[in-house]
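These are my notebook entries from a slow look through one model, written for someone who has not seen it before. I put down what I looked up, in the order in which I looked.

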Amino acid sequence: MDLSDEQWLASWRSEQKPQPEGWSFSDLETRMTETPVPWDIDLVYRTALADATSVLDMGTGGGEFLLTFANSLPRDTVATEGWAPNVLAARRNLQAVGVDVVEYSAPDEDVDSLPMPFPDDRFDLVLNRHESYSPRELARVIAPGGGS
Ligand SMILES: C[S@@+](CC[C@H](N)C(=O)[O-])C[C@H]1O[C@@H](n2cnc3c(N)ncnc32)[C@H](O)[C@@H]1O
């Protein structure tokens, strides 16, 4: 689009509003382009979920993305979320599919400073799209032979 700097600024300012809760960008769907990536995250998730019996989704946002896999989730699926508005949104969205939402996030400045609120070897699959994590804690909560 051939806009002047002022027109670009005006159009960006008209979009400024408080961050909506959750983590869905469906409002932008028809106005957004994304650079293609060389992997298929849906296929990666579905393949991993096929064998999973206990799953953790870290930093689930409002749970919108996890919900797209609702038919593939084992009964024992738990999510974490650390941003207060999204803890509420995730609980509301995920309760219908029986996923508990635990309030937790690893502090960005020191991911090892807050242990994950789960016992050793708790999960055989940990999903994480765009959330900070402690590799040490991840290794602790994944059961031997499990994955992330
Ligand atoms: C990038 S989001 C990804 C959510 C989800 N895993 C997904 O793939 O759709 C990662 C984390 O950032 C959190 N987050 C989003 N906005 C935030 C904000 N303004 N301050 C702090 N955390 C925020 C989300 O709630 C979520 O836990």
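How many salt bridges does a search of the whole structure find? I found six salt bridges in that search, taking a salt bridge as a side-chain nitrogen of Lys or Arg within 4 Å of a carboxyl oxygen of Asp or Glu.

Before going on, I note that this is a predicted model, in which local features need pLDDT of at least 70 and side-chain atom pairs count only at pLDDT 80 or more, while totals for chains, interfaces and linings use all residues. Residues are numbered from 1 along each chain as its sequence is written, and side-chain values use heavy atoms, with hydrogens and water left out.

**Entry: the chain as a whole**

I counted five helices and five strands in the chain, where helices (H or I, at least four residues) and strands (E, at least two) are DSSP runs numbered from the N terminus. Read from the N terminus on, the elements run α-α-β-α-β-α-β-β-α-β. The C-alpha atoms fill a box of roughly 55 × 30 × 30 Å along the principal axes.

I also looked up burial, where buried means under 20% relative accessible area, exposed over 50%, and partly exposed in between (1.4 Å probe, protein chains only). Of the 148 residues in the chain, 32% are buried. For contacts (heavy atoms within 4.5 Å), I noted that among those between residues at least 6 apart in sequence, 47% join residues at least 24 apart.

I started with R136 and D112, whose side chains meet in a salt bridge at 3.9 Å, N to O. R136 lies in helix 5 (residues 135-141) and D112 in the loop between strand 3 (100-103) and strand 4 (123-128), so this pair ties together parts that are 24 residues apart in sequence. R136 is exposed, with a relative accessible area of 61%, whereas D112 is partly exposed at 35%.

Next I looked at R140 and D120, which form a salt bridge at 2.9 Å, N to O. This pair links distant parts of the chain, with R140 in helix 5 and D120 in the loop between strand 3 and strand 4, 20 residues apart. R140 is partly exposed at 23% relative accessibility, and D120 is exposed at 51%.

Which residue forms a salt bridge with R140 at 2.8 Å between the closest N and O atoms? That residue is E137, and because E137 and R140 are three residues apart in helix 5, they are separated by about one helical turn. E137 is buried, at 10% relative accessibility. Salt bridges with shared partners join D120, E137 and R140 into one network.

**Entry: the ligand**

Around the ligand I listed Q19, W23, G59, T60, G61, F65, E81, W83, N86, R129, H130 and E131, a residue being near when one of its heavy atoms lies within 4 Å. This shell divides into three nonpolar, six polar and three charged residues.

I then looked up individual distances to the ligand. A polar side-chain atom of R129 lies 2.5 Å from an oxygen atom of the ligand. The protein covers 78% of the 580 Å² of accessible area that the ligand has on its own, by the Shrake-Rupley method with a 1.4 Å probe.

Definitions and conventions
Polar contact = N/O pair within 3.5 Å; in protein donor to acceptor, adjacent residues only side chain to side chain. Nonpolar A, V, L, I, M, F, W, Y, C, P; charged D, E, K, R; others polar.
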